[in-house]
Amino acid sequence: MFNGRTRWVFNYADWNPSEQSYQYALQLISQEEATRIQKFKRPVAQGVYLVGKDNLSARSSLVGRLMMRKLVQDIFCYENSSIKFHRTKEGKPYMENDAPGFNNFNFNVSHAGDLVVLASEPELLIGVDVMNVAIPGRDKNIDNFFHTLRDCFTSNEWNIIKSGSDDEKLRMFFIHWTLKEAYIKAIGIGLGFDLQRCEFQLSEDKSTANILIDGALSLEWEFEIHYPMNDHIIAIAYGPPSRAVGGYADIVVNNEDVVPNNEERVEFDMLKEDDLIL
């Protein structure tokens, strides 16, 4: 019996489909999403752009949509053509179809580096974020990188992040970053949240974390940290449906009695192309 708790990861950087396979995959998602993905382009030279299957952003976005459809098909056995997704005004995707057997089925998707990840829960709010441990852009100076994001962490968090070697600093930075992103994605707030309002305290083995919201420890939330590859980090946030905000609060079932209770850790399953494109 499927319990609604899914953890999937897909290495889209290793996925090199033929043009025929790529076009077929686009036909499996909605026309609206396919059109959006086909507009992705990245300049590589004057007047030269990477598009379609050669554009990693387009490829990862397509994989994310395919994972969402596989999720709904696997759980609820809907025909692909009948599956409907929408986004809140803040941009959080949700399933419009009924979810029989689950009070508050919800999911979240993230992609960065080489990976696309998906997590779902039957009742609790779920947020997931993945990052590769690398400084983006051309300037690889860690001090400059930290300076540009100096307002994203509390002084306590910065003290922890900045201890150790440069490699350790960068790893600690992205552990904290993914935790914050998972939290704001779980509540559905999107951009505009003051990241210093939430502070994280890591467990000794850095596999779980507690959250302080506005300086107070919150026992309503649980957090996990996963390490699927040496250079990637995944964070998961579980929270009560009553904490959804914005447009997402109008969609979830607001049950004050539902809170995390030492949720059993579920490891991520690595999907392959055949899992997504049948």
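This is a predicted model: local features need pLDDT of at least 70, side-chain atom pairs count only at pLDDT 80 or more; totals for chains, interfaces and linings use all residues.
Let me begin with the cysteines: there are zero disulfides in this structure, a disulfide being counted where a pair of cysteine sulfur atoms lies within 2.5 Å. Residues are numbered from 1 along each chain as its sequence is written, and side-chain values use heavy atoms, with hydrogens and water left out.

Cys 152 counts as buried because its relative accessibility is 14%, and Cys 198 counts as buried at 0%; buried here means under 20% relative accessible area, with a 1.4 Å probe and protein chains only.

Now to a helix pair, with helices taken as DSSP runs of H or I of at least four residues, numbered from the N terminus. Helix H2, residues 31-38, packs with helix H3, residues 56-76, at an angle of about 165°, and their axes are 9 Å apart; the axes are lines fitted to C-alpha atoms over the stretch in contact, and angles run from 0 to 180 degrees between N-to-C directions. The two are therefore roughly antiparallel to each other, the term used for angles over 145 degrees. On the H2 side the contact, meaning heavy atoms within 4.5 Å, is made by Glu 33, Arg 36 and Ile 37, and on the H3 side by Ala 58, Ser 61, Leu 62 and Arg 65.

How values were computed: Angles under 35 degrees count as roughly parallel, over 145 as roughly antiparallel, 65 to 115 as roughly perpendicular and the rest as oblique. Buried means under 20% relative accessible area, exposed over 50%, partly exposed in between (1.4 Å probe, protein chains only).
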